[in-house]
Amino acid sequence: MLPDKPMMNPSILHELRAIVGERGLISSPEELHTYECDGLTNFRVMPRAVLLPASAEQVQAIVRLCYREKIPFVARGSGTGLSGGALPVENGIVISLARMNRILEVDFPNARAVVEPGVINLDVTARIQHNDYFYAPDPSSQSVCSIGGNVAENSGGAHCLKYGFTTTHVLGLEVVLPDGEMVHLGGKTLDTPGYDLAGVFVGSEGTLGIATKIILRIVKRPECIRTLLAAFPSTNEAGAAVSGIIAAGMLPAAIEMMDNLAIQAAEAAVHPNYPNCGGLLLVELDGPVAEVEALMTHVDEICRSNGAWEIRVAQSDAERALVWKGRKSAFAAVGRISPNYIVQDGVIPRTALPQVMSEIDRLSQENGLRVANVFHAGDGNLHPLVLYDRRIPGQEEAALALSYKILELCIAAGGSITGEHGVGEEKKSMMSKMFAEPDLNTMHLVRCAFDPLQLSNPTKVFPTPRLCGETPGEYIPHPLETAGIAERF
Amino acid sequence: MNPTSIPLSAEQKFQTIVGPDHVRPATSADSVMAAQPKLIVEPGTEKELAEALRLSNEAGLAVIPRGGGTKLAWGNPPSRADLVLSTARLNQIIEHAWADLTVTVEAGCTIQKLQQTLAQHGQRLALDALWPEKATVGGILSTNESGALRLRFGALRDLIIGVTIALPDGTLASSGGKVVKNVAGYDLPKLITGALGTLGIITRASFRLHPLPLNTRTFSVAASDVEQAQKFVLAVQDSKLAHTSLQSRFCDENSPVSEILFEGTIAGLAAQEKQLRTLAAPANVVEASASIWASRESLWSFSDPETTAMAKFSILPTAMTRTIESLGQIARGQKVCWKAVHFATGLGHIRLKGEPGALHAALELLRKDLEGHSSSLVLLHHPAKMLPLDAWGSPGDSLPLMKSVKHRLDPANTLNPGRFLAGI
């Protein structure tokens, strides 16, 4: 265990309270329970305190104090993450950015917006839609997740096939580094001279510091959006249609696929009126009307020639919204057909889909556990949902083991263990299956450049504790080292 | 420059690693600005490259990584240059997974060879790099090259999905992967893109690809002055047009001209043309040849390098008028001629022509003006006789962090010493 000594003595608590005020400090055990996990609820750790700063200066003051006292900290947005990225660490504090939720600036002619980290993803679009702009990254949790959390996880969403990920849309950041220094990475203009540290920071899962301001790129809405639903006998035929669409040289805004179990779940939850089929494809094209209509005819042909027996095109915004509601609520919907589930988000080269699907099927039958599948089919990002019942002894462990086996299939197919949820706490043991030691050591060197004492979300992402060899200036032993858990190398 | 020669014993060790045929003495043609390295080493595999780099690092030799050599003069002069590590023999396309729209390629492969291979399956790396027949994958990544296609497809940072680099201690490290969507581990492909070879040597990279366009059409739109060109560009950017590229060309003699590129179906292109003509004054819109998209490269076709300077600037799209007017004033004041291409992304390239002293003064004034408006100017070429001027300009408050990253990855300062920002 980590040493229990220098943490949260009354005088430190007093100092923290002085920074954020009474309203900004949570330290009573009942209230702290809210923060003991994020969207990954089977991992729980009680934080020593939760801080709710209202400004970048307050964040900086808190982090400075953490640095002085060697207190590990975990930044938290809305707590919707699915990999335990915002899971507190033993003897650490949580810094919630929820109160820093102002949209500071919108600059339409330059297509930029400047926001604080606690701003909710969908609120950015809400603020700019009157001018026909939107913020493109659209994780399924977009009505509740925060931009700061999106930055930490490099969140994707259904439309990143065409529009790119969070990292594509973050031009600059104001960051409080783990030693309390404030720096500016990137900027409003492109290619600011120097290393692309904004590119490194996005997706670093809170291990390199805390973003306090984010410069976003915003996007003009396309002239039209058309959404097509196609019903196939199985995911194999649906997959073949996806290959056909890509081979025809099209880049749709989104291509989503659901298998029968996922369709049943969505139907039970939000009644999107999907056709009951073995493999459902949802293809969205956007752009100028003439272009989209020409391509839509082509997509229709490709689907039919690959065995689609029903094709519908959403006729109104309301219909389109319902189609997407079914897809975006798929995770929660699975709760209608199973008491518990585990969701993974492994990625495979899209062409490996039939083979990986049949392997998943085999594993599912071998283990007697149902697996529902929802994919971002265009980019090969799977979302297998392993269904289980916690009340049956041993089933949770079996489900977790099965979900890891699916990730191993993804690695074997040349893919990745995570496409958008992050490694966090949950998948760190899988990192050494995906990367060799020298790869991880090199990533760790970057971590040491930002956070030599490893105070910012420590114990996440990397599979085993690693120390920062040579630290600039005086050598300070890491808590893990003093506790005899790790040795310096 | 450091006059010490490479010990014979070290030279023999390089020969053992890469074979005697692939180590040769450098000539003046291998000079990087005024610095002439002593040895050229051409490894045939990633492992050989990593081993040669480790040996250089241990021997305290400064290493200049080199691909096609087309942009070796970008950046500051190296403070030391002992050895060129060339990727010329690492030139294979490892895997074009066309059905997955990805490619994995060795660093020394030229852009032309890569694009020709991709085109066999109707695909491309959606980036128009300078001098594709010679420029290599490693070179365009290290210099963060981009042109007109960036508006639609993003920069290399948005196209690269995986990278393998050799570090000075001989480590070969991979990050990212071969799939388009992947958030496992730190995004080192982005760190290495634009790092000018100062953190590690790229040995291979994977990219996401785009289909070649079904059809393309280019239109020119003439403007009476800079302000009118600016209005046109902003109106297009705020419209529903789905253009691929948008550039404006300026010079000290003629009025500005903008060009716009559309890609898509015949029907889609016809509809967009119609919209374009309602957006601009119809009389000003004429169909143009696709060759106009080589305008950025054309800026580099100058006859006298001793009276020419080239720079890249980055501004907010709305600052085009202000910037071009400042440029004109400064150039007039210093009696230099100028020509510029500006993309709707806010990135632009300038060519200045004049006496070295005047060029120096003009560049300094222009940089001061741009940096005063949160913009930047990076010098890409200057006459050998011009007084020194830092290539990168003022670093921001993240410089200590950048130095720390450099120190962790290249503690002995072996790679391209002194060439990057603020002495890195």
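This is a predicted model: local features need pLDDT of at least 70, side-chain atom pairs count only at pLDDT 80 or more; totals for chains, interfaces and linings use all residues.
Asp30(B) lies in the loop that runs between β1 and β2 of chain B, and, when neighbours within four places in sequence are left aside, the residues in contact with Asp30(B) are Gln36(B), Pro37(B), Ile40(B) and Val84(B). Met33(B) counts as partly exposed, because 16 C-beta neighbours are found inside 10 Å and the partly exposed class lies between the limits of 12 or fewer for exposed and 20 or more for buried.

A positive phi is also found in chain A, where the phi of Asn154(A), a residue other than glycine, is near 50°. Asn154(A) is placed in the loop between α5 (147-153) and α6 (160-163) of chain A, and is buried, with 27 other C-beta atoms within 10 Å. Pro29(A), in helix α2 (residues 29-32) of chain A, counts as exposed, since 8 C-beta neighbours lie inside 10 Å. Between the C-alpha atoms of Pro29(A) and Cys448(A), which are 419 residues apart in sequence, the separation in space is 33 Å.

The largest nonpolar core comprises 277 residues, and the members that touch the most other members are Leu51(A), Ile95(A), Ala241(A), Leu280(A), Leu281(A) and Val386(A). In soluble globular proteins, nonpolar side chains tend to be buried together. For Leu280(A), the contacts beyond four places in sequence are with Leu229(A), Ala231(A), Met257(A), Met258(A), Ile263(A), Tyr274(A) and Pro275(A). Ala241(A), another of the core members named above, takes part in the packing of two helices, as it is one of the α9(A) residues, together with Gly244(A) and Ile245(A), that meet Val299(A), Ile302(A) and Cys303(A) in α11(A). The residues of this contact divide into five nonpolar, one polar and no charged. The axes of α9(A) and α11(A) are 9 Å apart and the helices pack at an angle of about 145°, in a crossing that is right-handed.

A further pair of helices in chain A is formed by α14 (residues 353-367) and α15 (residues 395-412), whose axes come within 10 Å and cross at roughly 160°. That angle makes α14(A) roughly antiparallel to α15(A), and the crossing of the two is right-handed. On the side of α14(A), the contact involves Val356(A), Glu359(A), Ile360(A), Leu363(A) and Asn367(A), which meet Ala398(A), Leu402(A), Lys405(A), Ile406(A) and Leu409(A) in α15(A). By class, this contact has seven nonpolar, one polar and two charged residues.

In chain B, the axes of helix α11 (residues 320-334) and helix α12 (residues 356-371) come within 9 Å and cross at roughly 155°. The two helices are therefore roughly antiparallel, and their crossing is right-handed. Ser326(B), Leu327(B), Ile330(B), Ala331(B) and Gln334(B) in α11(B) meet Ala358(B), Ala361(B), Ala362(B), Leu365(B), Leu366(B) and Asp369(B) in α12(B), a contact made up of eight nonpolar, two polar and one charged residues. Helix α11 of chain B also contains Glu325(B), which is partly exposed, with 14 other C-beta atoms within 10 Å. The C-alpha atoms of Glu325(B) and Ser56(B) are separated by 49 Å, the two residues being 269 residues apart along the chain.

Between the chains, 71 residues of chain A are in contact with 71 residues of chain B. On the side of chain A that touches chain B, two or more residues each come from α7 (166-169), β9 (182-186), α8 (197-201), α9 (235-247), α11 (289-305), α16 (428-434) and α17 (437-450) of chain A. The largest share, nine residues, is given by α17(A). In terms of residue class, the side of chain A that touches chain B divides into 33 nonpolar, 27 polar and eleven charged residues.

Note on methods
Residues are numbered from 1 along each chain as its sequence is written. Chains are lettered from A and ligands numbered from 1 in the order in which they are written. Axes are lines fitted to C-alpha atoms, for helices over the stretch in contact, and angles run from 0 to 180 degrees between N-to-C directions. Helices (H or I, at least four residues) and strands (E, at least two) are DSSP runs, numbered from the N terminus. Angles under 35 degrees count as roughly parallel, over 145 as roughly antiparallel, 65 to 115 as roughly perpendicular and the rest as oblique. A crossing is left-handed if the near helix is turned anticlockwise from the far one by less than a right angle, and right-handed if clockwise. Two residues are in contact if their C-beta atoms, placed from the backbone, lie within 7 Å. Ala, Val, Leu, Ile, Met, Phe, Trp, Tyr, Cys and Pro count as nonpolar, Asp, Glu, Lys and Arg as charged, and the others, Gly among them, as polar. A nonpolar core is a set of buried Ala, Val, Leu, Ile, Met, Phe, Trp, Tyr and Cys residues joined through C-beta atoms within 7 Å.
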